[in-house]
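Work through these exercises with the model open. Try each task before reading its solution.

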Amino acid sequence: MAKGIGKTGVARAVGAMSGTSLDGVDIAELLTDGTEIKGFGRSSYHAYTAEEQSVLRAALGLWSGPEVEAAAKVTDQAHQTALTGFSDADVIGFHGQTLAHAPRQQGTLQVGDGAALAVALNTPVVWDFRSDDVALGGEGAPLAPFFHFACAKYIDAQTPMCFLNLGGVGNLTYVDPRFERADEPGALLAFDTGPANAPMNDLMLARRGQDMDKGGQLARSGTVETGALELFLAEPYFAKMPPKSLDRNDFSEMVSLVSELSDADAVATLAGMCAASVVQGMEHCPKAPERLLVTGGGRKNPVLMEMLHVALDMPVQPVEEVGLNGDMLEAQAFAYLAVRVARGLPTSCPGTTGVSACVGGGIVSVPE
């Protein structure tokens, strides 16, 4: 039990999230008892420098070695800086930085020392959220679905709906809010849909020295190459039944499919691939969802959002339409999960990660 949280009551939790887009660290405060969302608090963003991004990028896909050690140092320093001013929280949920994810082979690797962070901030820290899930046969991802279930309750959803996170990788959560608890069979189904912003960002960096196709401006001037799109959709991953998850670089060959295209056509085709993988994923939903709420950086790409709107027979909206914060939803999720871990509640279940039984994964580090 983490010091200061207690077994019941509302806790003031802070979540820290650094995603596969490698843009920076999101910090968000949440009031919760580990089941219901009681309120949202402050938030903050700490951008990685170009040098820090380079260090992190060099370690992607690696499991050990000097590059991983350097990435861990960047992760720890950035989070300690980003969390300055939030150390009065009851508990901090620290996701760390994912460098490699292969749950059926080596496992999953998120660098960052939560125990050291707890000492530095003199605040209990919950971290290493994924390892226990993988040890019990789960994918270790996605982990936000239990929070998505709480969000659906918070906005008073009455019928099945979906949350789509478009970060470096896309992941989908089907929520049936008619269930009382997230861990009930049928309440949740979650999985990674496919690559999202990562290939587009990588292409923009390689070809134009830019972090992203801001506002989808370049994609809007391009044309989707249908031949490349068909080859992409022929990948066996899309026929695999969920739960399932991906590493950021699992579809690195996507870039080779568009290597002969102009910059505009290439990024338009990568956007088309992202949208098509989501459409394919929606077919796995147990019941037709009423709407799709989109979070993550991809919701700010109007070309990508238009592709989804055209392809899907339902409203496709950024989560801001229902009063949520799409920039901070993942950080809020790890604040929520931190309280659940500290109180012995599950954070994943067979429907979200394929784990053999409900599990509350995470290490609780209390400052000495």
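Buried means under 20% relative accessible area, exposed means over 50%, and partly exposed lies in between (1.4 Å probe, protein chains only). Helices (H or I, at least four residues) and strands (E, at least two) are DSSP runs, numbered from the N terminus. This is a predicted model: local features need pLDDT of at least 70, side-chain atom pairs count only at pLDDT 80 or more, and totals for chains, interfaces and linings use all residues. Residues are numbered from 1 along each chain as its sequence is written, and side-chain values use heavy atoms, with hydrogens and water left out.

**Exercise 1. Find which strands pair with β8, and in what sense.**

Step 1. Apply the criterion: two strands pair if DSSP finds at least two bridges between them.
Step 2. Take strand β7 (residues 161-166). β7 and β8 are antiparallel, with six bridges. A hairpin through two residues joins β7 to β8.
Step 3. Take strand β9 (residues 188-195). β8 and β9 are antiparallel too, over seven bridges.
Step 4. Follow Y174. Y174 in β8 is the bridge partner of C162. In β9, the bridge partner of Y174 is L189.

**Exercise 2. Trace the strands on either side of β2 (residues 24-32) and find the positive phi in each turn.**

Step 1. Start with strand β1 (residues 11-18). Seven bridges join β1 to β2, and the two run antiparallel. A11 has T32 of β2 as its bridge partner.
Step 2. Look at the turn. Five residues lie between β1 and β2 in this hairpin, and L22 has a positive phi of about 65°.
Step 3. Move to strand β3 (residues 37-47). Eight antiparallel bridges join β2 to β3. L30 has F40 of β3 as its bridge partner.
Step 4. Four residues separate β2 and β3, and G34 has a positive phi of about 95°.
Step 5. Check cover. In β2, eight of nine residues are buried.

**Exercise 3. Which residues lie nearest the centre of the second largest pocket, and what lines it?**

Step 1. On a 1 Å grid over the protein atoms alone, a pocket is an open set with protein on both sides within 12 Å along at least five of seven lines, and lining residues have an atom within 4 Å of a point.
Step 2. Read the lining. Of 16 lining residues, T35, E36, F149, E180 and Y336 lie nearest the centre.
Step 3. Assign elements. α5 (145-154) and α12 each supply at least two lining residues. The largest share, five residues, comes from α5.

Terms used. On a 1 Å grid over the protein atoms alone, a cavity is a set of points where a 1.4 Å probe fits but cannot get out, and a pocket is an open set with protein on both sides within 12 Å along at least five of seven lines; lining residues have an atom within 4 Å of a point.
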